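Please read these notes with the model open beside you. Take the points in order and find each residue as it comes up.

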Amino acid sequence: QFRPPACSLQGARPPGPRGDYLQMATTYKAAVVPSAGAKFDVVERDVPKPAGDQVLVKVTACGLCHSDKFVPAGAMGVQFPRAPGHEVVGVVEAVGERVERYKPGMRVGVGWFGGCCRKETCAGCRVGDRMVCSAHLTTGISFDGGYGARVVCSETALALVPDGVSDVDAAPLLCAGVTMFNALRNAGARPGDRVAIQGVGGLGHLGIQYAAKMGFETVAVSSNDKKKELAKKLGAHHYVSAADGDVGEQLTKLGGCRLVLATSPSPASMSPLIKGLGVNGRVIVIGAGAEAVSVGAFDVIPKRAGVVGWPSGTAADSEDCLRFSALFDVKPMVEQFAFADVQKAYDHMLSGAARFRVVLTHDG
């Protein structure tokens, strides 16, 4: 797995006794959803003390994601009140008595993966596949996320943030970034293979950068020509527009794709991608939607092609993603909002008008 460059700890304040932090505040503010369908309520809470393998993170930035809408929708078993936010960046403020890797002052991130149980009775953890842990812990859903100025989570959910990546840039990489990065590096494609990224948006603009810098022949796929210039600047070698005809046929004319990352949850835009696969090609479903995707048997059988899904990544994957991004200068396009404008930021993100990620910043 990718490892360098290292994360520097220079500038970290010296820790106090285990579980303490010098000059730690006693209260913090959080934007919580008090009940299903409600708007945000800003509340003041006591700063919790981490125990066992828990780490207390002072949040400096948190990216906003369309999946945050699961909280006001009351989905995924969420309990109210709940502070959403699974693109969390901050500084370790205190640690529980069993934590060894993390010390107060370290810059860390917490993504969608909210940690794992590490139990021998868990089929995923037993074989080292933490992403499919049976506990299904999700930051901002199973426990309060980065819409609050403090987050307490298991040390298994933490990734070190390397020098050279700002807090605001790091936040979206912990969700959109690691999802695209991790899907690309685990799909079996090799440098030089043709890879298509469907959508030049919040996920796609990062996917294009990762694909190009991993050495793939990169194709950007969109519904029109409006983002062609941007896609080329991000590293795309080819641009396919649905306005110019059937997307599958256009991809086939290029020679077919070894891999297509589908970021749109729309079946109407996803299904044609299957026809553009080459031999042993795969469509990886990244964008989550409720509607079923139609797959024609003769679109996949002759080419041994297929459709699979990809669920983000673990904390270790996030750390790899951040290091790769620092080394190869992969950056998200971000609109920044202060914590005081949390409702405005959330509404702007849901509107689809953001270009392309929205990040909330905390001042203490």
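1. **One residue with several partners.** The side chain of Asn182 makes a polar contact with the side chain of Asp317, at 3.1 Å. Asn182 also pairs, side chain to side chain, with Arg185 at 2.9 Å. A polar contact is a pair of N or O atoms within 3.5 Å; within protein, one must be able to donate a hydrogen and the other to accept it, and residues adjacent in sequence count only if both atoms are side-chain atoms. Setting aside neighbours within four places in sequence, Asn182 is in contact (heavy atoms within 4.5 Å) with Trp310, Ser312, Gly313 and Asp317.

2. **What you are looking at.** This is a predicted model, in which local features need pLDDT of at least 70 and side-chain atom pairs count only at pLDDT 80 or more, while totals for chains, interfaces and linings use all residues. Residues are numbered from 1 along each chain as its sequence is written, and side-chain values use heavy atoms, with hydrogens and water left out.

3. **Where Asn182 sits.** Asn182 belongs to helix H2, residues 167–185. Helices (H or I, at least four residues) and strands (E, at least two) are DSSP runs, numbered from the N terminus. Is Asn182 buried or exposed? Asn182 counts as buried because its relative accessibility is 2%. The cut-offs are under 20% relative accessible area for buried, over 50% for exposed, and partly exposed in between (1.4 Å probe, protein chains only).

4. Asn186 lies in the loop between H2 and strand E8 (194–198). Its side chain reaches the backbone oxygen of Asn182 at 2.8 Å. With 44% relative accessibility, Asn186 is partly exposed.

5. **A pocket beside Asn182.** Rolling a probe the size of a water molecule over the atoms shows where empty space is left. The second largest pocket has a volume of about 240 Å³. Of the 15 residues lining this pocket, the closest to its centre are Asp129, Met131, Asn182, Thr314 and Asp317. A pocket is found on a 1 Å grid over the protein atoms alone: it is an open set of points where a 1.4 Å probe fits, with protein on both sides within 12 Å along at least five of seven lines, and lining residues have an atom within 4 Å of a point. Grid points are joined across faces, edges and corners, and the volume is the space filled by probe spheres set on the points. The lining has four nonpolar, seven polar and four charged residues. Here Ala, Val, Leu, Ile, Met, Phe, Trp, Tyr, Cys and Pro count as nonpolar, Asp, Glu, Lys and Arg as charged, and the others, Gly among them, as polar.

6. **Ala170, also in H2.** Ala170 is in helix H2. At 0% relative accessibility, Ala170 is buried. Not counting residues up to four places away in sequence, Ala170 touches Val89, Val161, Val165 and Leu322.

7. **Thr60.** Look next at strand E3 (residues 54–64), which holds Thr60. A polar contact of 2.8 Å links the side chains of Thr60 and Asp167. Thr60 is partly exposed, at 23% relative accessibility.

8. **Helix H3.** H3 (residues 204–213) is mostly covered, with eight of its ten residues buried. Those buried residues pack against H2, E8, strand E9 (217–222), helix H4 (228–234), helix H8 (315–328) and strand E15 (357–361). Just after H3, Gly215 takes a positive phi of about 95 degrees.

9. **Cysteines.** A disulfide is a covalent bond between the sulfur atoms of two cysteines. How many disulfides does the rule give? Counting cysteine sulfur pairs within 2.5 Å, the total is zero. The closest cysteine sulfur to that of Cys62 is in Cys65, at 9.8 Å, so the gap is too far for a bond. Cys62 is buried at 0% relative accessibility.

10. **Backbone points to check.** The bond joining Phe80 and Pro81 is a cis peptide bond, with omega about -5 degrees. Another cis peptide bond runs from Arg355 to Phe356, with omega near -10 degrees. Met76 has a positive phi of about 55 degrees although it is not a glycine. Met76 lies in the loop between E3 and E4. For Arg304, also not a glycine, phi is near 55 degrees. Arg304 is exposed, with a relative accessible area of 54%.
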